[in-house]
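I opened the model today to look up a few local features. My notes follow in the order I took them.

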Amino acid sequence: DEDFSRRLRRRWPGLTRKQERFCVLIHAGLSSREIASLLELRPEGLKSQRRRLRTALGLKSNEKIEDVLRQLQ
């Protein structure tokens, strides 16, 4: 969804391409297993990516990546 990608880049311009793609896949509702397969990551790698993404998005410990991306206006 190009509209989502534009909003994502506008809100968080410092995200890497890999982080943007990760956000798009999460926003699309893919499971962790599906995302790991598409990005060719093992479970540990996926956890690391999620942790780095949380930092890049500036999320608090009680905020879910999925919820934040779903609310992106």
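**Entry 1: a loop residue.** I began with Glu40, which sits in the loop between helix 3 and helix 4. For helices I used DSSP runs of H or I with at least four residues (strands would be E, at least two), numbered from the N terminus. Phi of Glu40 is near 55 degrees, a positive value in a residue other than glycine. Glu40 is exposed, with a relative accessible area of 72%. My cut-offs for accessibility are under 20% relative accessible area for buried, over 50% for exposed and partly exposed in between, with a 1.4 Å probe and protein chains only.

**Entry 2: ground rules.** The model is predicted, so I took local features only at pLDDT of at least 70 and side-chain atom pairs only at pLDDT 80 or more, while totals for chains, interfaces and linings use all residues. Residues are numbered from 1 along each chain as its sequence is written, and side-chain values use heavy atoms, with hydrogens and water left out.

**Entry 3: helix 2 against helix 4.** At what angle do helix 2 and helix 4 pack? I noted about 100 degrees between helix 2 (residues 17–27) and helix 4 (residues 43–57), with the axes 11 Å apart. Helix 2 is therefore roughly perpendicular to helix 4. The axes are lines fitted to C-alpha atoms, for helices over the stretch in contact, and the angles run from 0 to 180 degrees between N-to-C directions. Angles under 35 degrees count as roughly parallel, over 145 as roughly antiparallel, 65 to 115 as roughly perpendicular and the rest as oblique.

From helix 2 the contact uses Lys18, Gln19, Phe22, Cys23 and Ile26, and from helix 4 it uses Leu46, Gln49, Arg50, Arg52, Leu53 and Ala56. Contact here means heavy atoms within 4.5 Å. I sorted the residues of this contact into 6 nonpolar, 2 polar and 3 charged. The classes are Ala, Val, Leu, Ile, Met, Phe, Trp, Tyr, Cys and Pro as nonpolar, Asp, Glu, Lys and Arg as charged, and the others, Gly among them, as polar.

I then took Gln49 of helix 4 on its own. At 11% relative accessibility, Gln49 counts as buried. Leaving aside neighbours within four places in sequence, Gln49 is in contact with Lys18, Phe22 and Leu41.

**Entry 4: what covers helix 2.** The buried residues I listed in helix 2 are Gln19, Glu20, Phe22, Cys23, Leu25 and Ile26. Their cover includes helix 1 (2–11), helix 3 (32–38), helix 4 and helix 5 (65–70). Just after helix 2, Gly29 takes a positive phi of about 90 degrees.

**Entry 5: the nonpolar core.** Which residues touch the most other members of the largest nonpolar core? I found Leu8, Trp12, Leu53 and Leu69, in a core of 20 residues. Helices 1, 2, 3, 4 and 5 each supply at least two residues of this core. Helix 2 gives the largest share, 4 residues. A nonpolar core is a set of buried Ala, Val, Leu, Ile, Met, Phe, Trp, Tyr and Cys residues joined through side-chain atoms within 4.5 Å.

Beyond its neighbours within four places in sequence, Leu69 is in contact with Phe4, Leu8, Trp12, Cys23, Ile26 and His27. I also checked Val68 in helix 5, which counts as buried at 16% relative accessibility. With the neighbours within four places in sequence set aside, Val68 is in contact with Trp12, Leu59 and Glu63.

**Entry 6: salt bridges.** I counted 8 salt bridges, taking a salt bridge as a side-chain nitrogen of Lys or Arg within 4 Å of a carboxyl oxygen of Asp or Glu. Glu20 and Arg17 form one of them, with the closest N and O atoms 3.7 Å apart. Both lie in helix 2, 3 residues apart, about one turn of the helix. Glu2, Arg9, Arg17 and Glu20 are linked in a network of salt bridges.

Arg50 and Glu66 meet in a salt bridge at 2.9 Å, N to O. This pair links distant parts of the chain, Arg50 in helix 4 and Glu66 in helix 5, 16 residues apart. Arg50 is partly exposed at 22%, and Glu66 is partly exposed at 27%.
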